[in-house]
Amino acid sequence: MQFELTDTQRHIQRAAADFSARIIAPQAHAIDEHEGIPPQILKGLADLGLMAVNVPEAYGGSEAGVVAYSLAMQEVSAACASTAVTMAVTNMVGEVIARFGTTAQRERYCPHLASGEYRAGAFALSESEAGSDPGSMRTMATRNDRGWVLNGSKQWITSGAFAGVMVVWARTADAQARPGTRGISCFLVEGGTPGLRIGRAEDKMGIRGSNTAALSFEDCEVPEDALLGELHGGFKIAMMALDGGRIGIGSQALGIARAALSESVTYAKDRRAFGGPIANFQAIQWKLADMKTELDAANLLVLRAAWLKEQNKLFSREASMAKLFASEAAWRICNEAVQIHGGYGYIREFAAERHLRDVRVTQIYEGTSEIQRLVIARSLLAG
Ligand SMILES: Cc1cc2nc3c(=O)[nH]c(=O)nc-3n(C[C@H](O)[C@H](O)[C@H](O)COP(=O)(O)OP(=O)(O)OC[C@H]3O[C@@H](n4cnc5c(N)ncnc54)[C@H](O)[C@@H]3O)c2cc1C
């Protein structure tokens with residue numbers, strides 16, 4: 001078993017850590033307060049090759065592998081979870097297009113995502129009545145003589161307000177003729193397409209700097225070649241993309257928790273009570289020990305899933321286990337970080353409060369914890 005990083009992985013990790021510490025971290029509080037990520041930050045990530053880590057070099061990507069992607073996500077997440085989710089979804093969109101797109105689709109979209117010409121990509125699967133159960137989606141795509149016409153709406157779409165390209169799922173067959181997941185297809189819709197309307201940004205508990213928008217499609221026409229993958233084959237694309245996406249969100253949870261732990265160690269050594277630093281109390285030491293142990297256990301699960309995906313081995317169950325454990329452990333770690341910070345943990349001056357708000361969503365998006373348990377149990381019971 002090899003635990004050492006390769007030169008490429010170390011290089012990507014260092015580049016992400018350096019940019020995060022110098023450029024992103026000093027702005028993280030403002031990103032949260034003012035609810036927006038400066039476009040230069042997203043462009044800077046693209047310039048480092050971090051917006052298309054697993055897209056082939058031929059289409060502008062870095063082709064650095066899934067482990068490198070996880071390491072980069074951890075670094076950016078430790079600085080700013082809002083920036084990290086924007087990066088995660090953009091990477092996911094680039095990968096989906098690189099994997100399932102035609103050569104023309106890859107050439108048209110991947111270089112723009114990789115170079116930062118598009119500020120972000122968006123992944124539009126969920127609807128107000130169809131989150132955990134996307135098979136019940138209602139958005140429809142019907143043919144006309146020029147291509148496809150989309151009608152319906154999507155909910156909670158990360159970067160929906162400014163994405164250059166969106167992967168959008170819609171029914172392409174009557175629900176009776178092809179029920180559930182069998183009549184769903186996938187389309188590439190460019191930002192600004194007539195008929196695509198952007199709703200107001202959601203007012204969220206955490207990751208407040210990321211954009212989360214509702215989208216509505218009102219006779220939104222896209223050309224014939226906007227279809228991604230096979231007709232009626234969209235659900236499979238969504239599930240495969242989400243498997244990989246879960247490694248990204250597990251990595252996001254890890255990065256946030258790592259920051260919370262590191263700030264807790266510093267604070268415990270500085271803060272004095274009863275005549276000495278609170279780090280002298282065994283109650284605090286045990287919290288720190290449990291936080292570090294859970295963090296490392298989560299890291300191993302996430303990196304195992306990343307490694308399996310990189311080796312083209314089956315990784316769906318492992319990605320669910322990694323995301324489930326990392327997101328729940330990270331929540332516990334961030335909660336303890338607030339406790340260690342005492343009253344200061346509850347006010348905005350210290351980042352512990354932001355970490356706790358930011359980390360909560362990792363148990364919800366890219367499949368809730370309940371859905372991860374469903375995936376894991378199903379795979380076990382199927383033998
Ligand atoms: C900030 C944010 C960003 C997001 N970004 C995106 C995005 O970019 N693209 C996108 O497509 N979506 C996005 N989402 C949507 C997200 O993926 C969904 O919210 C999530 O999948 C849960 O769906 P839901 O909210 O409809 O909850 P529901 O499906 O209504 O679930 C409600 C509760 O019931 C539980 N539940 C549901 N089904 C089962 C079951 N079979 N067994 C046990 N329990 C079950 C759930 O676990 C949950 O606890 C985002 C959400 C948020 C909050």
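Which domains each contribute at least three residues to the shell around the ligand? The model is a predicted one, in which local features need pLDDT of at least 70, side-chain atom pairs count only at pLDDT 80 or more, and totals for chains, interfaces and linings use all residues. Residues are numbered from 1 along each chain as its sequence is written. At least three residues of the shell come from each of domain 2 (123-232) and domain 3 (236-381), with bounds taken from an automatic or database domain assignment.

The ligand is surrounded by 21 residues, of which Ser126, Gly131, Ser132, Thr368 and Glu370 are the closest; a residue is near a molecule if its C-beta atom, placed from the backbone, lies within 6 Å of it. Strand S1 (121-124), strand S3 (147-158) and helix H10 (369-381) each give two or more residues to this shell. Helices (H or I, at least four residues) and strands (E, at least two) are DSSP runs, numbered from the N terminus.

Ala257 is in contact with Leu295, Ala329, Ala330, Ile333, Cys334 and Val359, leaving aside its neighbours within four places in sequence.

Terms used:
Two residues are in contact if their C-beta atoms, placed from the backbone, lie within 7 Å.
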